[in-house]
Amino acid sequence: MGKRILWIEDDAIELESLTWGLKDRGYEIDVAFDAKDAISMIHKESYDLIILDILLPTGEKNPEKSIKFPGEKLIGEIRKRGFNIPTIAITVVSDAELERRLKDFNIIKMFTKGRILPSQLSAEVDDILLR
């Protein structure tokens, strides 16, 4: 059985373009499309790595709560619940202060959407999971 990755991403096109290389390498990828599903999945399954979109829906049905919120809030909640799973962040946001805050949550690497090649991501995942 391959290493298991939880990919938290609401953009299906982004997912498709970046996951094929990981799947070819034998990684098992589960997808959560919002924060609520991600928390549920982490409690049910064991993951070796999280790949996290910084901007994603909460998953709440109440329209006032379903606005987009930073994935840093989600990773903070995951850490607070005792899950210290290695994490890579992928985001359209390019901000030095955000990057600093994410490092406080033990984010290993941060990539900018649209600037990362599948081969780069696969190499980074290999480096983390096959050390």
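Visitor: Where does Leu-55 lie?
Guide: Leu-55 belongs to strand β4, which covers residues 55-56. Strands here are DSSP runs of E with at least two residues, helices are runs of H or I with at least four, and both are numbered from the N terminus. The model is a predicted one, in which local features need pLDDT of at least 70 and side-chain atom pairs count only at pLDDT 80 or more, while totals for chains, interfaces and linings use all residues. Residues are numbered from 1 along each chain as its sequence is written, and side-chain values use heavy atoms, with hydrogens and water left out.

Visitor: And is Leu-55 buried, exposed or partly exposed?
Guide: Leu-55 is partly exposed, because its relative accessible area is 32%. Buried means under 20% relative accessible area, exposed means over 50%, and partly exposed lies in between, with a 1.4 Å probe and protein chains only.

Visitor: How far is Leu-55 from Ala-35 in space?
Guide: Their C-alpha atoms are 9.9 Å apart, and the two residues are 20 apart in sequence.

Visitor: Let us step back. How many helices and strands does the protein have?
Guide: The protein has five helices and seven strands. Along the sequence they follow the pattern β-α-β-α-β-β-β-α-β-α-β-α.

Visitor: What percentage of the residues count as buried?
Guide: Of the 131 residues, 46% count as buried. The protein exposes about 7,200 Å², of which carbon and sulfur atoms supply 51%. Such areas come from the Shrake-Rupley method with a 1.4 Å probe, and for residues only the protein chains shown count as cover.

Visitor: Now Ile-51. Which strand is it in?
Guide: Ile-51 is in strand β3, residues 49-53. With a relative accessible area of 0%, Ile-51 is buried.

Visitor: Which residues is Ile-51 in contact with?
Guide: Leaving aside neighbours within four places in sequence, the contacts of Ile-51 include Ile-5, Trp-7, Leu-22, Ile-90 and Val-125. Contact means heavy atoms within 4.5 Å.

Visitor: What share of contacts join residues at least 24 apart?
Guide: Among contacts between residues at least 6 apart in sequence, that share is 62%.

Visitor: Ile-90 brings me to β6. How many of its residues are buried?
Guide: Five of the five residues of β6 (87-91) are buried. Thr-87, Ala-89 and Thr-91 are on one side, with Ile-88 and Ile-90 on the other.

Visitor: Why do they fall on two sides?
Guide: In a regular strand the side chains alternate between the two faces of the sheet.

Visitor: How many bridges join β6 to β3, and how many to β7?
Guide: Four bridges join β3 to β6, and these strands run parallel. Five bridges join β6 to β7, which also run parallel. Two strands pair if DSSP finds at least two bridges between them. Leu-52 has Ala-89 as its bridge partner in β6, and Ile-88 stands opposite Lys-109 in β7. From β6 the chain crosses through α4 to β7, and this β-α-β crossover is right-handed. That term applies if, with the strands pointing away from the viewer, the path from the first strand over the helix to the second runs clockwise.

Visitor: Which residue does Lys-113 bridge to?
Guide: Lys-113 pairs with Glu-9, and their closest N and O atoms are 3.1 Å apart. Lys-113 lies in the loop between β7 and α5, and Glu-9 in the loop between β1 and α1, so the pair ties together parts that are 104 residues apart in sequence. Both residues are buried.

Visitor: Which salt bridge does Arg-100 form?
Guide: Arg-100 forms one with Glu-97, at 2.6 Å between the closest N and O atoms. Both lie in helix α4 (residues 96-104), three residues apart, about one turn of the helix. Arg-100 is partly exposed at 42%, and Glu-97 is partly exposed at 37%.

Visitor: Which residues are linked in a network of salt bridges?
Guide: The network links Glu-72, Glu-97, Arg-100, Arg-101 and Asp-104. Within it, Arg-101 meets Glu-97 at 3.8 Å, N to O.

How values were computed:
Salt bridge = Lys/Arg side-chain N within 4 Å of Asp/Glu carboxyl O.
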